[in-house]
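Take a slow look at the fold below. We will walk through it piece by piece, from a sheet to single residues.

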Amino acid sequence: MLPVCNVTRSILGQPWHWRGLAGDTLDAGFVADDLVTRLLLARGCPREALELHRAPSIRGFMPDPSIFRDMDVAATRLADAVERREQVAVFGDYDVDGATSAALMILILRDLGIEARPYIPDRLMEGYGPSGEALVRLAGEGASLIVTVDCGAQAFDALAMARDAGVDVVVVDHHKCSTELPVAHAIVNPNRMDEDAGAAHGHLAAVGVAFLLAAALLRELRARGFFAARAEPRLIDLLDIVALGTVADVAALKGLNRAFVAQGLKVMAGRRNIGLSALIDASRLKRAPTATDLGFALGPRINAGGRVGRADLGVRLLTTRDPAEAQAIAAELDRLNEERRMIEAEVQEAAETMCRGDCAIAVVAGDGWHPGVIGIVAGRLKEKLGRPSLVIALDENGVGKGSGRSIPGVDLGAAILAAKEQGLLLAGGGHAMAAGVTVASGGVAALTTFLEQRLSDAVARAREDRALLLDAVLAPGGVCADLVDAMEAGGPYGMGWPSPRVAAGPVRVIRADRVGNGHVRAIVAGDDGRSLKAMAFRMADTELGAALLGCPPHRRLWLAGRARRDDWSGRGEAELHIDDAAWAN
């Protein structure tokens, strides 16, 4: 494969290759439609589906919910509860996917006349997933139906206790399942081992599965004549929280997920949800949110409640009817997010000192680390090291709560389930790119050995195949606002549908400064006589940062990164967010 710009080894040690079919150099005369077509094709879109992907719609991608096992059983049970006006509880996880999934179920049931009770477990006191004690307590307080969202697929003991207490449980999840399933009235999960057609939608976040269940519920009630004397809820109005949960859970933005996010952003721009509107204001966004904002501005603030604050703040925010309450909760989540940042920085600094450079997976454990930030730190380590990472917080008894993040091509969730089956974990589960574990005191070393042996070949293959993938090469003057807008038309972008990356250059560094928390800001100029602002986030202490900060006047560089609008200046000019650089001949 011919390397882009003849870069076989960049400053960060990787070759530059074309992504898919994108191989033509752009110039000032590019046509937006042609660019979007190339971007779509390079991301695996079939030629016959170009128009469908160019404007992803729910109608175009929505499957019949009945293709999923237990979907009709779950919808029937929920419809019975609506008609009988039963007491329903919604048990969710404490992350964004759990909060949005729970909020979606609560909001749709509210529109149907039922005020469902939310229950979000405390991360520190109760841990992940439903406990038998909590389910039995909900039953004792009057709930005849409990819906678990973003959890439950591995809750064997808890669901058995619920059955014995006489309460029906419907599980709505997307995490990997074992061959044997826990006992429940219904388990709706595209990642069931016995799933057929529904398995094609295994990339859905839990909130996407909940949306499909809500659609099946409305269809069942429609067939019963429930809406003969009342208005049918507009399920489409809930796509804003579906988009938030999908992006924040790093679900692959392909197929139905692309439609969820594309249409959900439109709903979000209308600010229908009082809580989301308050959160947008608290995040200091001055424009309609983008998919990037969902992952880096709104999602972390929702998460902060479950990480370092009250676990139910996210659900309360997304379901409140009171604007004053929404503003208060959004402000509290913003404050907790700042607190989370400080805690995270301390744990990350400690974790980085423990990482070895000769292992397939980085497994680090520390006494007293806050369990609420270990997932974020694992993600940071994964990005920095280029390999899967598992960060474990040990409590005073030596029991570890861990969170892991993986790289493309390495299924961490399957490895964690295998470790659990080998008796190496007290609890564990997840999906390909993320997983969680509970490790007995003294069990970290054995778990590390098992994961190293199981994943070493897959990690080696993934790292050998690693290359920086580019969509276009252009002069610095080509990085302009029109280019950014044209590229955005190929979105939404995220996991599985990567944001376009361009190479710009060759350039000379006119000025470079270290700014903020380890960032590099640079002004570069090209042979076309045009200058360009560039940012390298969290790169100041890397080889790339050193090259930018110390680049001599006579040397030139190729810069590779993502073209973005500069929202902070207020002028909307384009800038380049640098991912890598290479010395030019």
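**A sheet and its helices**

Start with an open sheet of five strands, ordered β7-β8-β9-β11-β10, with mixed pairing. Strands (E, at least two residues) and helices (H or I, at least four residues) are DSSP runs, numbered from the N terminus. Two strands pair if DSSP finds at least two bridges between them. The edges are β7 (362-367) and β10 (427-431), and each of them pairs on one side only. On average, neighbouring strands of this sheet are turned by 15° against each other, direction ignored.

This is a predicted model: local features need pLDDT of at least 70, side-chain atom pairs count only at pLDDT 80 or more, and totals for chains, interfaces and linings use all residues. Residues are numbered from 1 along each chain as its sequence is written, and side-chain values use heavy atoms, with hydrogens and water left out.

Now look at one pair of strands. β7 and β8 (residues 389-394) run parallel and are joined by six bridges. V364 has V391 in β8 as its bridge partner. Helix α17 (residues 444-464) packs on the sheet and touches β7, β8 and β11. Contact means heavy atoms within 4.5 Å. The direction of α17 makes about 170° with that of β8. Such angles run from 0 to 180 degrees between N-to-C directions, and axes are lines fitted to C-alpha atoms, for helices over the stretch in contact.

Two helices also meet. α14 (residues 323-354) and α15 (residues 374-385) pack at about 50°, with axes 9 Å apart. That angle makes α14 oblique to α15. Angles under 35 degrees count as roughly parallel, over 145 as roughly antiparallel, 65 to 115 as roughly perpendicular, and the rest as oblique. On the α14 side, the contact includes R340 and E344; on the α15 side, it includes I376 and V377.

What about cysteines? The structure holds zero disulfides. A disulfide is a pair of cysteine sulfur atoms within 2.5 Å. C151 counts as buried because its relative accessibility is 0%. Buried means under 20% relative accessible area, exposed over 50%, and partly exposed in between (1.4 Å probe, protein chains only).

Finish at S131, in the loop between β3 (117-119) and α6 (132-140). At 21% relative accessibility, S131 counts as partly exposed. Not counting residues up to four places away in sequence, S131 touches F91 and A158.
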